[in-house]
Amino acid sequence: MNSKHQFVQLSDGHFIPGLGFGTYKPQEVPNSKTIEATKIAIEAGFRHIDCAYAYEVEEEVGLAIRSKIEDGTVKREDIFCTSKLWSTFLRPELVQSCLERSLKKLHLDYVDLYLIHFPVALKPGEELYPLDENGKIICDSVDLCATWEVMEKCKDAGLAKSIGVSNFNRRQLEMILNKPGLKYKPVCNQVECHVYHNQRKLLDFCKSKDIVLVAYGALGTQRYKECVDQNSPVLLDDPVLCALAKKRKRSPALIALRYQLQRGVVVLAQSLKENEIKENIQVFDFELTEEDMKVLDGLNRNFCYVAMQFMSDHPNYPFADEY
């Protein structure tokens, strides 16, 4: 593994690289861009690749990983690959089939980490976002504890080395942690986390339970039209962040990523641009002072870019709680 990387130990003993490469992209960007960007990321030193069934780029990510294994850049065990169980597969009898689909697309025998992507269940079927005749999302009712039991079975079957959740709030995490007969607790909770929404309370709760927080949207998301309000503030243009970046002679993006690492958060960096991908890996080359960290803490405004508002009527919608 790249010696520059910081690793974080998960509660099950496995290690996750502190910096990951995010592979979500908007529909209008051709999938071939994902192959190129993922190869560049691996060449640059990224070893943690974060994808999901719902991103619809797993074949491309798999091709990139395979090509970098074949040319000797990495071995399979050097790569930490995450995928996620989509909401249309939360019924217990569907869980393993979603993972198997992802593995087939990725051309992998196992993923290093498998997450429940979102706690809201949607109507099963081939549509990622099933809609009724009025264009309203069709939800489903599923006991997440039953879903979790099958996640545990997938780990026992060797299909996933570690299992965790994403977009869960404290109440939902506690529901899994307090489940009678729990075999494995979630090793992590992947949530939106950045200087405008630093998730302090959720982070403290997760740390108290030995659950690693993984941050997506750490650079303020790529502001995709389909899920982010175009009037929302541009995080990397924040004057305080930019002034600190200038002072430290780094880009605002590197400061935003470094902030998370120093809080003990595993952070995902997402870009399709070669220069940005290569720059993001430089997050291990410097440190922020305690004073810098305080300044960045002061930017928090509990502002969420990806609110998934269209699922807000569901009782399991996670963002109605304070954290």
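**Entry 1: His107**

I started with His107, which counts as exposed because its relative accessibility is 53%. My cut-offs, with a 1.4 Å probe and protein chains only, are these: buried means under 20% relative accessible area, exposed means over 50%, and partly exposed lies in between. I found His107 in the loop between helix 3 (92-106) and strand 6. Helices (H or I, at least four residues) and strands (E, at least two) are DSSP runs, numbered from the N terminus. His107 is not a glycine, yet I read a positive phi of about 60° for it.

A note on what I am looking at: this is a predicted model, where local features need pLDDT of at least 70 and side-chain atom pairs count only at pLDDT 80 or more, while totals for chains, interfaces and linings use all residues. Residues are numbered from 1 along each chain as its sequence is written, and side-chain values use heavy atoms, with hydrogens and water left out.

**Entry 2: Gln199**

I then looked up another positive phi. Gln199, a residue other than glycine, has phi near 55°. I located Gln199 in the loop between strand 8 (188-192) and helix 6 (200-208). Gln199 counts as buried, because its relative accessibility is 12%.

**Entry 3: Glu192**

Glu192 sits in strand 8 and is buried, with a relative accessible area of 3%.

What does the side chain of Glu192 reach? I noted the backbone nitrogen of Val306 at 2.9 Å. The backbone nitrogen of Tyr305 lies 2.6 Å from a polar atom of the Glu192 side chain. A polar contact here is a pair of N or O atoms within 3.5 Å; within protein, one must be able to donate a hydrogen and the other to accept it, and residues adjacent in sequence count only if both atoms are side-chain atoms.

Contact means heavy atoms within 4.5 Å.

**Entry 4: Aromatic rings**

I looked up the aromatic pairs and found eight in the structure. In Phe303 and Tyr305, the ring centres are 4.9 Å apart and the planes stand at 90°, so I call this pair edge-to-face. Rings of Phe, Tyr and Trp (its six-membered ring) pair if their centres lie within 6.5 Å; planes under 30 degrees apart count as stacked, over 60 as edge-to-face and the rest as tilted. Phe303 is partly exposed at 24% relative accessibility, whereas Tyr305 is buried at 4%.

I also wrote down one aromatic cluster, formed by Trp86, Tyr129 and Phe310.

Two lysines lie over ring faces in my notes. Lys155 is over the face of Tyr184, 5.0 Å from the ring centre, and Lys161 is over the face of Tyr110, at 4.5 Å. A charge sits over a ring if NZ of Lys or CZ of Arg is within 6 Å of the ring centre and within 35 degrees of the ring normal.

**Entry 5: His117**

Where is His117 placed? I found it in the loop between strand 6 (111-116) and helix 4 (144-156). The unreviewed UniProt entry places the feature "binding site" at His117. UniProt positions are in the numbering used here, feature names are shortened, and annotations may be inferred rather than shown by experiment.

Is His117 buried or exposed? At 10% relative accessibility, His117 counts as buried. Not counting residues up to four places away in sequence, His117 touches Ala52, Ala54, Tyr55, Lys84, Leu85, Trp86, Ser166 and Asn167.

**Entry 6: Gln172**

Asn167 turned up again as a contact of Gln172, along with Pro119, Asn316, Tyr317 and Pro318, leaving aside neighbours within four places in sequence. Gln172 lies in helix 5 (residues 170-177) and is buried, with a relative accessible area of 2%. A polar atom of the Gln172 side chain lies 2.7 Å from the backbone oxygen of Asn316.

**Entry 7: Cysteines**

How many disulfides does the structure hold? I counted zero, taking a disulfide as a pair of cysteine sulfur atoms within 2.5 Å. For Cys51, the nearest cysteine sulfur is that of Cys81, 4.1 Å away. For Cys206, the nearest is that of Cys188, at 9.1 Å. Cys51 is buried at 0% relative accessible area, and Cys206 is buried at 0% relative accessibility.
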